[in-house]
Amino acid sequence: MPDREQLRDLVAQALAEDLGAGDVTSEATVPADARANARIVQKQPGAVFGLGVATEAFAQAGAPGLEPIATEGEWRDSVPADVALVSGPARALLAAERTALNLICHLSGVATLTARFVHAVAGTGVAILDTRKTTPGLRALEKAAVAAGGGRNHRMGLHDAVLIKENHVALAGGLAEAVRRARQAEPEREIEVECRSAHEIEEALGTGADRLLLDNMDPVALRAAVAARDGAAKSHGPMATLEASGGVTLDNAAEVAATGVDFVSVGALTHSAPALDLSMLLEPADR
């Protein structure tokens, strides 16, 4: 999750984008002293995430005190169901409604899709990982939603992990040289290397890389990579971990996981998750 200041700034920008100079419809039609009670309702099965963000949106608009009913990351099949209650000035509730719902619907969609992938590979011991294919400005929130859905966060950014790809190899003058430089510069970090073929797998294993990213390989190639890794570990040790990536869907995730890889990374968790359907229902409060 972003820290408190980052969350406040993110929500403030989102509210400013929607409100501009003010909510002209509410100011024209809703009395300034009107108060209301609102329910945020989940209308599709799935895992809800983002109640803390919604709380911040309503608070900034002038309606603090959102009361969560659902637990972040909780899967619900019985819908429609209330996930939160919030009361306050009616204009404030209306001002925050769309910003709060945009965020919670999107983040709940990420948590829901992640939970579906985690369920698809259940029993294999494989971890579902996210990627850096995130919405600019929302990475910390989206990765928190992945974790809430049962997935694991991979790299937060370029700053916290080493992943050597083809462009790095080309610019370093070869894979072995790229790994050597990475080891020298970041001796305490795991070194991961992207591989696209059996030859690249063999070469990467020879460098002592800690993890291999197996890019867009079918199950036959993935099983061959597992066999190559296991064979190399017997003679060279220690054993590198393997991450399958590219072309993984809910339909084939179980087959990919069953090949013996350790991780499956899925960019779709954050770049293509459909929003979960939630809405806000409002009624006037007794004065």
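**Helix packing, core and residue contacts**

**View 1. Helix α3 passes helix α4 in a right-handed crossing in this predicted model**. A crossing is right-handed when the near helix is turned clockwise from the far one by less than a right angle. Helix α3 covers residues 51–61, and its axis packs against that of α4 at an angle of about 160 degrees, with the axes 8 Å apart. Therefore α3 is roughly antiparallel to α4 (angles over 145 degrees). Axes are lines fitted to C-alpha atoms over the stretch in contact, and angles run from 0 to 180 degrees between N-to-C directions. On the α3 side the contact (heavy atoms within 4.5 Å) is made by L51, V53, A54, A57, F58 and A61. On the α4 side the residues are A92, L93, A95, A96, E97, T99, A100, L103, I104 and L107. The residues of this contact divide into 14 nonpolar, one polar and one charged. Here Asp, Glu, Lys and Arg count as charged, Ala, Val, Leu, Ile, Met, Phe, Trp, Tyr, Cys and Pro as nonpolar, and the others, Gly among them, as polar.

**View 2. The largest nonpolar core has 81 residues**. Such a core is a set of buried Ala, Val, Leu, Ile, Met, Phe, Trp, Tyr and Cys residues joined through side-chain atoms within 4.5 Å. Helix α4 (residues 90–120) gives the most to this core, with 14 residues. The residues with the most contacts inside the core are I40, F58, I164, V193, L212, L214 and V264.

**View 3. F58 touches residues that include I40 and M280**. Leaving out residues up to four places away in sequence, F58 also touches A63, P64, L66, V86, L93, A96, E97 and A100.

**View 4. L94 lies in helix α4**. This leucine is partly exposed, at a relative accessible area of 29% (buried is under 20%, exposed over 50%, partly exposed in between, with a 1.4 Å probe and protein chains only). Residues up to four places away in sequence aside, L94 touches D23, S26, V30 and L282. The C-alpha atoms of L94 and I201 are 56 Å apart, and these residues are separated by 107 residues along the chain.

**View 5. The protein has 11 helices and 12 strands**. Helices (H or I, at least four residues) and strands (E, at least two) are DSSP runs, numbered from the N terminus. Of the 287 residues, 45% are buried.

**Notes.** Residues are numbered from 1 along each chain as its sequence is written, and side-chain values use heavy atoms, without hydrogens and water. In this predicted model, local features need pLDDT of at least 70 and side-chain atom pairs count only at pLDDT 80 or more, while totals for chains, interfaces and linings use all residues.

Definitions and conventions:
Angles under 35 degrees count as roughly parallel, over 145 as roughly antiparallel, 65 to 115 as roughly perpendicular and the rest as oblique.
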